[in-house]
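Visitor: I'm new to looking at protein models. Could you show me how to read a few features?

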Amino acid sequence: VAAGFLMSGGGGNDVQWCFSQVKGAIDDDVAEADIISTVEFNHSGELLATGDKGGRVVIFQQEIENKSQQQCRSEYNVYSTFQSHEPEFDYLKSLEIEEKINKIRWLPQKNAAQFLLSTNDKTIKLWKISERDKRPEGYNLKEEDGRYRDAATITTLQVPVFRPMDLMVEASPRRVFANGHTYHINSISVNSDNETYLSADDLRINMWHLEITDRSFNIVDIKPANMEELTEVITAAEFHPHQCNTFVYSSSKGTIRLCDMRASALCDKHSKLFEEPEDPSNRSFFSEIISSISDVKFSHNGRYMMTRDYLSVKIWDLNMENRPVETYQVHEYLRSKLCSLYENDCIFDKFECCWNGNDSVVMTGSYNNFFRMLDRSQRRDVTLEASRESCKPRQVLKPRRVCAGGKRKKDEISVDSLDFNKKILHTAWHPQENIIAVATTNNLYIFQEKVN
Amino acid sequence: MQDAVVSPEKTEEAKLKARYPHLGTKPGGSDLLRKRLQKGQKYFDSGDYNMAKAKMKNKQLPTAAAEKTEITGDHIPTPQDLPQRKQSLVASKLAV
């Protein structure tokens with residue numbers, strides 16, 4: 001299914017976003033298994049995958065209505081769903097292994113089938129999703145239902161032929177990459193060489209070959225000899241989109257290290273260290289916690305990377321290590337609520353971020369089911385809400401405003417009224433079009449650019 | 001731009017220290033990281049459990065503390081205390 005149209009420049013604030021679809025149960029009583037834990041478009045944007053805490057993957061396929069129109073609407077409908085991971089118990093280590101899908105990453109399409117990697121805390125799996133739309137009919141020795149025919153009744157010979165059947169989409173696990181990680185896997189990233197991928201846990205990063213499951217290369221190891229000396233952990237990692245030798249990993253201390261695998265087999269020594277200097281007089285108990293990077297993403301053009309920490313989004317130029325080129329406040333009003341956010345553990349929430357197709361706009365989630373669109377080219381930002389209240393077909397989303405203090409204007413919501421249980425941690429942007437997928441706790445919202 | 005006023009972050013820090021005066025001197029450091037690395041740890045020694053079961057018969061077996069997330073070897077959970085990890089047989093509600 002071809003994408004319908006090219007994106008009309010910008011994507012941030014000259015774009016009006018409207019409701020397209022919402023998936024998931026309406027009731028407020030959320031089962032833990034239904035909590036969405038990852039959302040990812042494939043490389044063409046035709047497929048959209050979600051993973052949840054119950055270890056299940058649901059894949060939606062884009063169907064375009066009315067291809068004849070220049071600007072057409074599309075819909076995402078269920079294409080395939082399967083149980084990717086099961087809960088396990090490691091008896092040797094007395095460790096309970098959650099089935100929650102931490103990340104899904106698609107492989108670029110090479111043939112008729114689609115492939116994706118899904119991972120929980122310990123095991124990565126390669127899944128093949130293939131279509132079957134015809135089946136052989138007219139066997140000589142078997143009836144259509146499979147029973148063998150009495151040989152004496154066979155008097156003629158026929159050639160079996162393929163006849164069309166109702167489309168069946170099958171998901172099968174092709175590889176299981178187990179026992180590579182002592183700590184909890186937070187990231188996986190497919191290399192541009194289409195042969196290898198990396199997986200990162202709190203202290204180590206491994207590189208795997210997609211065909212080989214019984215061994216992997218350790219490329220980063222930050223485990224100290226004495227665990228008492230542990231000061232930082234790896235929080236995210238990603239391969240460069242074009243340079244197969246380059247990857248980055250972020251830390252709980254707010255630093256990003258860029259590594260070049262050509263330099264040495266073990267990349268403990270970084271090629272570049274990205275860190276914004278901090279004013280020591282501003283340092284507080286919370287400084288390190290809120291500087292912890294929860295997500296790192298390269299831009300599509302490979303020249304920039306974006307990091308998300310608790311309160312902000314930063315854009316880094318890969319050629320400049322000493323500070324980001326752009327910093328955007330996501331929800332600065334939370335700075336005066338850090339005490340309660342620490343007490344209710346929200347300060348440890350890991351928000352993700354994403355780029356639009358031409359790297360001009362970035363998006364990230366917040367609380368109260370708010371999400372933020374940050375337009376780099378126009379230097380403007382908008383706060384939108386994923387809510388069942390704005391679910392009329394093609395309803396345009398109204399910008400939301402939070403009142404940090406003082407007199408609350410009409411249509412503003414005060415910081416104390418925000419629902420901190422409604423977090424948008426996972427969002428994804430179609431690689432070419434202005435279509436976004438926003439995950440609330442257990443619902444998936446799809447918004448599209450308003451078409452006239 | 002730095003104001004002459006105390007930063008909101010420092011005000012929040014003061015609030016936290018007032019509530020928890022024994023809060024670690026090493027903020028965001030080893031304790032938090034170690035807690036993160038130990039996620040999922042449950043202690044169950046089948047040997048101890050079976051020995052205790054054999055000895056005590058009718059007596060109450062040592063049970064885990066009510067706070068099941070507490071990481072300590074002192075508390076011996078029984079198999080009944082460990083939450084049942086069943087396979088997810090229900091389809092995702094997103095796929096309806």
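Guide: Let's go through some features one by one, each with its rule and then its case here. This is a predicted model, in which local features need pLDDT of at least 70 and side-chain atom pairs count only at pLDDT 80 or more, while totals for chains, interfaces and linings use all residues. Residues are numbered from 1 along each chain as its sequence is written, chains are lettered from A and ligands numbered from 1 in the order in which they are written, and side-chain values use heavy atoms, with hydrogens and water left out.

Visitor: How many disulfides are there over all chains?

Guide: A disulfide is a covalent bond between the sulfur atoms of two cysteines. The rule here asks for a pair of cysteine sulfur atoms within 2.5 Å. By that rule, the count over all chains is zero. Take C346(A): the nearest cysteine sulfur belongs to C339(A) and is 13 Å away.

Visitor: Is C346(A) buried or exposed?

Guide: Buried means under 20% relative accessible area, exposed means over 50%, and partly exposed is in between (1.4 Å probe, protein chains only). C346(A) has 4% relative accessibility, so it counts as buried. C403(A), at 7%, counts as buried too.

Visitor: What about aromatic pairs: how many are there over all chains?

Guide: Rings of Phe, Tyr and Trp (its six-membered ring) pair if their centres lie within 6.5 Å; planes under 30 degrees apart are stacked, over 60 edge-to-face, and the rest tilted. The search finds 19 such pairs over all chains. In one of them, F82(A) and W127(A) have ring centres 4.3 Å apart and planes at 35°, so that pair is tilted.

Visitor: Where do F82(A) and W127(A) lie?

Guide: Helices (H or I, at least four residues) and strands (E, at least two) are DSSP runs, numbered from the N terminus. F82(A) is in strand β5 (residues 74–83) of chain A and W127(A) in strand β10 (residues 124–137) of chain A, so the pair ties together parts 45 residues apart in sequence. Both residues are buried. For an edge-to-face pair, look at F177(A) and W208(A), at 5.3 Å centre to centre with 70° between the planes.

Visitor: Which residues does S84(A) contact, leaving aside neighbours within four places in sequence?

Guide: Contact means heavy atoms within 4.5 Å. For S84(A), the contacts include G55(A), I101(A), S118(A) and W127(A). S84(A) lies in the loop between β5 and β6 (88–90) of chain A, and it counts as buried because its relative accessibility is 2%. A polar contact is a pair of N or O atoms within 3.5 Å; within protein, one must be able to donate a hydrogen and the other to accept it, and residues adjacent in sequence count only if both atoms are side-chain atoms. The side chains of S84(A) and S118(A) make one, at 2.7 Å.

Visitor: How many residues are in the largest nonpolar core?

Guide: In soluble globular proteins, nonpolar side chains tend to be buried together. A nonpolar core is a set of buried Ala, Val, Leu, Ile, Met, Phe, Trp, Tyr and Cys residues joined through side-chain atoms within 4.5 Å. The largest one has 23 residues, and Y310(A) and L334(A) are among those with the most contacts inside it. Its largest share, four residues, comes from α2(A). A second, separate core of 18 residues includes F19(A) and W429(A).

Visitor: And how many helices are in chain B?

Guide: Chain B has three helices and zero strands. Of its 96 residues, 21% count as buried.
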